[in-house]
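Hi,

Here is the structure I said I would pass on. Have a look first, and my notes follow below.

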Amino acid sequence: EANLAELHRATAEINAALLRWLDAGGGRPFFAFLNYFDAHDTYLPQPPFDTAFAEPAYPPLAKPAHPGGHKDATPRSQRKYDQAIAYLDHEIGRLLRGLDERGALDNTLVIVTSDHGEEFGEHGMYGHGHTLYLPGLAVPLIMALPGRLPAGLRVGGFVSLRDLPATVMDLT
């Protein structure tokens, strides 16, 4: 079985590949799905973010509420996850600047979301995919399309990612 670190392509590499592909495409319409793994266990923050944040700033790890055989009841630190999120934020900003420099940002629907959240002991569990608590279910959904979506609009309540394909089709 392959190790995630061996298969991992950093977000900066993925973004650079997309921008090279766009440069070779001659300005044609495109659809791109970028799947980043930097904030997926085993979190792999890149320099200089791999030294960000102080370990003592985080609360002590809770004991598992569901002990006895579940691998994700093992306490772990949130520091590397936060470092990976900071790295992703930085790299998404760089990607948006790259799209803007190419004149593509003004007519491109950009969506940032995730397939799951993470638990860091909120209910004595760690990781994802094993409970129905909000830290594992609630994910960001950020959308931007100049001229079609109002900047700064916040929608209260929950939405479902299953509605995303229809929303994309409606907007495009």
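A quick definition before the notes: by polar contact I mean a pair of N or O atoms within 3.5 Å, where within protein one must be able to donate a hydrogen and the other to accept it, and residues adjacent in sequence count only if both atoms are side-chain atoms. This is a predicted model, so local features need pLDDT of at least 70 and side-chain atom pairs count only at pLDDT 80 or more, while totals for chains, interfaces and linings use all residues. Residues are numbered from 1 along each chain as its sequence is written, and side-chain values use heavy atoms, with hydrogens and water left out.

On confidence, pLDDT (the predictor's confidence in each residue, from 0 to 100) averages 85 over the chain, and 84% of the residues score at least 70.

Now to arginine 79, which sits in helix α3 (helices are DSSP runs of H or I, at least four residues, and strands runs of E, at least two, numbered from the N terminus). Its side chain reaches the backbone oxygen of phenylalanine 53 at 2.7 Å. Arginine 79 counts as partly exposed because its relative accessible area is 23% (buried is under 20%, exposed over 50%, partly exposed in between, with a 1.4 Å probe and protein chains only).

Buried residues of α3 include Tyr81, Leu88 and Leu95. After α3 comes glycine 103, with a positive phi near 75 degrees.

Cheers
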